[in-house]
Amino acid sequence: APNVLCVTTSSPANRPSCGAYGRRSVDVAVPVENSVTTTNGGGSGRTFCATSFAAPEAAGVATILFGAEPKATPEQVKAAIIAGAHRVHAFRNKTVRGGVVNAKAALKALRRILRR
């Protein structure tokens, strides 16, 4: 679907970790390990390798883009996230972009897309 972003996981060293891969089905990788998150009971802890951490991180990048450019469409935001992903050799032929999400580059890509 043109407005669905499919993500997988990346280790802190920009290497494939526990997620699924597909050069036509998975758009980008998202670093998921060793971030801080809330835990049940009100505490905090470190994230580990799980796609359930990748999806909200990608959604956070999309939220940043929609906040910066409210007139952008979901399709434009998806395209910008993919275009802005940092190419990493380890993800070549494993994702559409062959790289890891980069929020700053995604914002630049979105602004280029909107100028067209």
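Predicted model: local features only at pLDDT ≥ 70, side-chain atom pairs only at ≥ 80, totals over all residues.
**Helix H3**

- H3 has 13 residues, which should span 18 Å at 1.5 Å a residue. The C-alpha atoms at its ends are 19 Å apart, which agrees.
- The N-terminal end of H3 is capped by Asn-102. A side-chain oxygen of Asn-102 lies 3.1 Å from the backbone nitrogen of Lys-104.

**The whole fold**

- The protein has 3 helices and 6 strands.
- Read from the N terminus, the order of elements is β-β-β-β-α-α-β-β-α.
- The C-alpha trace spans about 45 × 35 × 25 Å along its principal axes.
- A compact globule of 116 residues would have a radius of gyration near 13 Å. The protein has 14 Å, which agrees.
- Of the 116 residues, 36% are buried.
- Take the contacts with a separation of 6 or more: 50% of them join residues 24 or more positions apart.

**The nonpolar cores**

- In soluble globular proteins, nonpolar side chains tend to be buried together.
- The largest nonpolar core here has 23 residues. Val-28, Leu-65, Val-77 and Ile-81 have the most contacts inside it.
- Strand E2 (28-31), helix H1 (51-68), helix H2 (74-84) and helix H3 (103-115) each supply at least two residues of this core.
- H1 gives the largest share, 6 residues.
- Leu-65 touches Val-77, Ala-80, Ile-81, Ala-103, Ala-106, Leu-107 and Leu-110, leaving out residues up to four places away in sequence.
- A second, separate core has 5 residues, including Ala-29, Val-88, Phe-91 and Val-100.

**Helix H2**

- The buried residues in H2 are Val-77, Lys-78, Ala-80, Ile-81, Ile-82 and Gly-84.
- These residues pack against E2, H1, H3 and strand E5 (86-87).

**Thr-8 and Thr-95**

- Thr-8 lies in strand E1 (residues 7-10). Its relative accessibility is 0%, so Thr-8 counts as buried.
- Beyond its neighbours within four places in sequence, Thr-8 is in contact with Gly-19, Ala-20, Tyr-21, Val-26, Val-28, Ala-29, Val-30, Ala-54, Phe-91 and Thr-95.
- Thr-95 sits in the loop between E5 and strand E6 (99-100). Thr-95 is buried too, with a relative accessible area of 3%.
- A polar atom in the side chain of Thr-95 lies 2.6 Å from the backbone nitrogen of Gly-98.
- Thr-95 is in contact with Thr-8, Gly-22, Arg-23, Val-26, Asp-27, Val-28 and Ala-29, again setting aside neighbours within four places in sequence.

**Phe-53**

- Phe-53 is part of helix H1. Its relative accessibility is 18%, so Phe-53 counts as buried, the cut-off being under 20%.
- Apart from neighbours within four places in sequence, Phe-53 is in contact with Val-32, Thr-37, Thr-47 and Phe-48.
- Phe-53 and Gly-22 are 31 residues apart in sequence. In space they are 19 Å apart, C-alpha to C-alpha.

**Arg-15**

- Arg-15 has its place in the loop between E1 and E2. At 47% relative accessibility, Arg-15 counts as partly exposed.
- Arg-15 and Phe-91 are 76 residues apart along the chain, and their C-alpha atoms are separated by 7.4 Å.
- Not counting residues up to four places away in sequence, Arg-15 touches Thr-9, Ser-10, Ala-90 and Phe-91.

Definitions and conventions: Residues numbered from 1 in each chain as written. Heavy atoms only, no water. Helix = DSSP H or I, 4+ residues; strand = E, 2+ residues; numbered from the N terminus. Buried < 20%, exposed > 50% of the residue type's maximum accessible area, 1.4 Å probe, protein only. Contact = heavy atoms within 4.5 Å. Core = buried A, V, L, I, M, F, W, Y, C linked by side-chain atoms within 4.5 Å. Expected span 1.5 Å × (residues − 1). Polar contact = N/O pair within 3.5 Å; in protein donor to acceptor, adjacent residues only side chain to side chain. Rg over C-alpha atoms; globule rule 2.2 N^0.38 Å.
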